[in-house]
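Please keep the sequence and the coordinates at hand.

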Amino acid sequence: MLRRTTVIVWGVLLFIVWNLLLLFFLLGRPPAGGGPDPEQLTREVVKVAEEVEMELEDQKKLLQEIQRHRGLWQRGKTRLALPPAPGGTIAPGGNPQVKDVVLPVLVIGCDRPTIRRCLDKLLYYRPSKELFPILVSQDCGHEETAKVIASYGDQVMHIRQPDLTDLRVPAEHRKFQGYYKISRHYRWALNQVFHTFKYQAAIIVEDDLEVAPDFFEYFRAVFPLLLEDPSLWCASAWNDNGKEQMVDTKQPEALYRTDFFPGLGWMLLKATWEELEPKWPGAFWDDWMRSPAQRCDRSCIRPEVSRTMTFGRKGVSNGQFFDQHLKFIKLNDHFVPFTQLDLSYLKKERYDLDFPQRVYSVPALRVEELQRNERMELRQVRVQYSSRDTFKAFAKVLGVMDDLKSGVPRAGYRGIVSFMYRGRRVYLAPPKDWTGYDPSWS
């Protein structure tokens, strides 16, 4: 960071010196036939002066931004040495069991040289190389991408998936060969993280994700929740319904439990991987994670405002959902000091009391009333669905993702999907006597 600041300062000084020399040259140059008249010369001087002023202002803003992030990071490092928080508050910085834990970031890469955008943001926001090592696992053997990764030197660790052969797949799945290779890559890379390098947990991102300023702070804070609450099996940086108009950007600190596995920047523990690895699927690993046999009624943590966004339109899915949905996901741009917050409300015992009570205590509105902006004095409302078809119909009308995996809606918890609609909080919810997901709802 100091080196970056020094380079910027020298750049500003050179820019100023050059323009001052130019000013002296213009002012001291005697007029000649065909040369600029005094008025034109004055305009040139004013133009150069204005450019200098604009450049100074731009560099001032950049330096202020760097100083702001440096202050936030330094406060985050200081928090790592605090004593345990009182009253059972979950504060990783004050928990002696987790304050020095190393949380590696595993970047899954293949043949995208644009992985540079992903790595640049990870390195820019990373508060500590020691506490957040970055491992880039590359499949495909793509040399241009390999050169991009190698250009980062010792800032990242570059590992390569050694088996690049095609996989034998059912005839009807030949067009899905890419999904089989991705699943094989994930298995190999996660085995490297947990068995070769012996880390306790891992944060997984793919090469087409960009992270938010508090990405690392978020995962540092939720890590102890995964340790302490067996009903949680992952934490994700992603909100499936995270379009800007559907989230409350004034509450970037808000976190939720979800029964839907979000992926797209997520963390799991070594113990969870040891449970999953022996039965890891040949393909479509993310949907496999969403099946009841793997989920086992466990949940994930997810944010109100996403801490990742995807810029990868092309991939094995051929841009599915990207143009209609993914590119509109709002990336959080405000640093939230999560490790200073009490996140114990996310533990199952407390959340299962508080969250349903809040949802079913708000007035119910019909979808038509919501669309007509009726009862605008109600800042929180509930829309009730009772079947697969009514859920899908209401979701489409309200802009919520309407697909279900084994009956579980995206970003849903106990069947409830929380989002913003035209400036107010809406809970798309089943009846209060809901008894569980119906796997036939898909």
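Which side chain meets that of arginine 112 in a salt bridge? The partner is aspartate 207, at 2.6 Å from N to O; a salt bridge here is a side-chain nitrogen of Lys or Arg within 4 Å of a carboxyl oxygen of Asp or Glu. Arginine 112 lies in the loop between β1 (105–109) and α3 (115–125) and aspartate 207 in the loop between β4 (201–206) and β5 (209–211), so the pair ties together parts that are 95 residues apart in sequence. Helices (H or I, at least four residues) and strands (E, at least two) are DSSP runs, numbered from the N terminus. Both arginine 112 and aspartate 207 are buried, where buried means under 20% relative accessible area, exposed over 50%, and partly exposed in between (1.4 Å probe, protein chains only). A network of salt bridges links Arg112, Asp207 and Asp208.

The model is predicted: local features need pLDDT of at least 70, side-chain atom pairs count only at pLDDT 80 or more, and totals for chains, interfaces and linings use all residues. Residues are numbered from 1 along each chain as its sequence is written, and side-chain values use heavy atoms, with hydrogens and water left out.

In total, the structure holds 29 salt bridges. Side chains of opposite charge can pair when their charged atoms come close. One further pair is formed by glutamate 143 and arginine 160, at 3.4 Å from N to O. Because glutamate 143 belongs to helix α4 (residues 143–150) and arginine 160 to strand β3 (residues 157–160), this pair ties together parts that are 17 residues apart in sequence. Glutamate 143 is partly exposed at 46% relative accessibility, and arginine 160 is partly exposed at 42%. Glutamate 368 and arginine 366 also meet in a salt bridge, at 3.8 Å from N to O; glutamate 368 is partly exposed, with a relative accessible area of 37%.

Of its 442 residues, 51% are buried. Among contacts (heavy atoms within 4.5 Å) between residues at least 6 apart in sequence, 75% join residues at least 24 apart.

Leaving aside neighbours within four places in sequence, leucine 119 is in contact with Val107, Ile134, Val136 and Tyr152. The C-alpha atoms of leucine 119 and valine 156 are separated by 8.7 Å, although these residues are 37 apart along the chain.

Most residues other than glycine have a negative phi. Leucine 264, which is not a glycine, has a positive phi of about 55 degrees; leucine 264 lies in the loop between β7 (255–258) and β8 (266–269) and is partly exposed at 30% relative accessibility. Arginine 375 likewise has a positive phi of about 55 degrees. Its place is in the loop between α11 (367–371) and β11 (380–384), and arginine 375 is partly exposed at 42% relative accessibility.

The second largest cavity is lined by Pro356, Tyr360, Arg414, Ile416, Pro431, Lys432 and Trp434. A cavity is a set of points, on a 1 Å grid over the protein atoms alone, where a 1.4 Å probe fits but cannot get out, and lining residues have an atom within 4 Å of a point.

Note on methods: 1 Å grid on protein atoms, 1.4 Å probe; cavity = no way out; pocket = protein on both sides within 12 Å on 5 of 7 lines; lining within 4 Å.
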